[in-house]
Amino acid sequence: MISESVLKEGIRGIYDSFSRYHEFRLTPWVYATRESVKDIFSVPGFFERSPLSTILHEPKGIHSQTSYVTSIRLQQLIRQINEPGYTSCIPTLAINKIQWSEKNKPEPKLMIDGAIFLKSDAFRSYIPLKELSGLRWVQPGMIRVSIPVPDRKEPSVQIVVDNPKASLKYMNRGGRPQYDVKMKATGYAVSRTNNSLLNFRQLTSETEKAIEVEIRNLFRTGIDKKTDILNLEYNLFRYHYGEWKAMSPAEDGLLTDDAIHDIHINLNITHTSSEKNKSVQGGIGRH
């Protein structure tokens with residue numbers, strides 16, 4: 001657990017102190033917090049279980065059910081901060097004092113409330129969770145993601161998407177670097193609030209549009225925060241080194257409104273809860 005104030009000072013000093021002791025392993029999960037580190041470590045586990053069962057020590061269970069920000073181990077973070085052009089994402093923890101209770105008394109529990117981004121070892125920004133909804137479509141390691149369709153204000157159906165995989169395709173248009181974002185995944189409906197999206201093709205199309213909106217909003221947030229959330233510069237460094245070298249520092253040229261040229265979503269909705277879609281099986285009817 002690392003406080004935001006420490007990260008603003010740079011993480012290399014922390015790594016240097018770790019590397020001096022051979023007894024210390026580089027496998028712990030890394031989290032940041034804007035709250036008191038002491039208070040974070042004081043939060044109990046569920047049902048009187050050990051604090052070792054909380055998200056601080058065991059994030060995989062919650063992540064497999066609801067993926068939002070991928071947890072990161074210390075060895076991964078150290079590798080990332082030594083990669084030219086890489087922007088690291090560290091989930092931040094806060095104490096939820098409202099949602100849970102025991103014997104009619106509030107029971108504090110840990111929750112992810114956002115993420116802190118580092119470029120090399122330099123602090124770039126803190127972004128709250130509500131502005132990071134697009135991250136779950138493009139960050140590696142996502143397992144299960146849900147999205148209300150057509151939007152959060154007036155949802156018609158809740159779609160769950162399994163294992164979304166995103167990739168970047170680079171193009172140079174008129175001397176300007178641009179990227180296409182491609183995402184592929186399988187999904188299914190889990191609940192409905194009305195019957196406005198019964199046609200299978202329309203449901204698929206509206207879900208793809210909703211995902212695209214979240215990705216574009218995420219990129220605009222990155223521009224506002226001067227943070228390369230999609231790691232466009234690292235992609236340029238790794239696969240187009242000559243152009244990266246010529247642009248260096250390249251980040252400013254990539255955090256522009258036209259840097260994302262197009263977003264292609266390929267979503268396969270396999271079923272709506274317990275009923276298989278006839279259109280998936282070759283039909284074109286409604287369900």
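Which residues of helix α5 (residues 74-81) are buried?

**Figure 1. The buried residues of helix α5 in the predicted model.** In α5, the buried residues are Leu74, Leu77, Ile78, Gln80 and Ile81. They lie on the same side of α5, because the arc they cover around the axis is only 165°. An α-helix has 3.6 residues a turn, so residues three or four places apart point the same way.

**Figure 2. The whole protein, for orientation.** The protein has 10 helices and 14 strands. Its 287 residues include 45% that count as buried. The accessible surface is about 15,600 Å², and carbon and sulfur atoms contribute 50% of that surface. Among contacts with a separation of 6 or more, 66% join residues 24 or more positions apart.

**Figure 3. The largest nonpolar core and the surroundings of Ile159.** This core holds 58 residues, and the members that touch the most others are Trp137 and Ile159. Helix α7 (residues 200-225) supplies the largest share of the core, with eight residues. Beyond its neighbours within four places in sequence, Ile159 contacts Val145, Ser146, Ile147, Val149, Tyr188, Ala189, Leu203, Thr207 and Ile269. In soluble globular proteins, nonpolar side chains tend to be buried together.

**Figure 4. An open sheet of five strands.** The strand order is β1-β3-β5-β8-β9, and the pairing is mixed. Strands β1 (2-3) and β9 (122-128) are at the edges; each has a single partner strand, so one side of each lacks a neighbour in the sheet. The partner shown for β9 is β8 (residues 109-119), and the two run antiparallel, with six bridges between them. Within this pair, Ile116 has Tyr126 of β9 as its bridge partner.

**Figure 5. Thr70 in the loop between α4 and β4.** Helix α4 spans 60-65 and strand β4 spans 72-73, with Thr70 in the loop that links them. Is Thr70 buried or exposed? Thr70 counts as buried because its relative accessibility is 17%, and the cut-off for buried is under 20%. The Thr70 side chain comes to 3.0 Å from the backbone oxygen of Pro140. Neighbours within four places in sequence aside, Thr70 is in contact with His63, Pro91, Gln139, Pro140, Gly141 and Met142.

Technical notes
Residues numbered from 1 in each chain as written. Predicted model: local features only at pLDDT ≥ 70, side-chain atom pairs only at ≥ 80, totals over all residues. Heavy atoms only, no water. Helix = DSSP H or I, 4+ residues; strand = E, 2+ residues; numbered from the N terminus. Buried < 20%, exposed > 50% of the residue type's maximum accessible area, 1.4 Å probe, protein only. Contact = heavy atoms within 4.5 Å. Areas by Shrake-Rupley, 256 points an atom, 1.4 Å probe, with all protein chains shown as cover. Arc of directions from axis to C-beta. Core = buried A, V, L, I, M, F, W, Y, C linked by side-chain atoms within 4.5 Å. Pairing = 2+ DSSP bridges. Polar contact = N/O pair within 3.5 Å; in protein donor to acceptor, adjacent residues only side chain to side chain.
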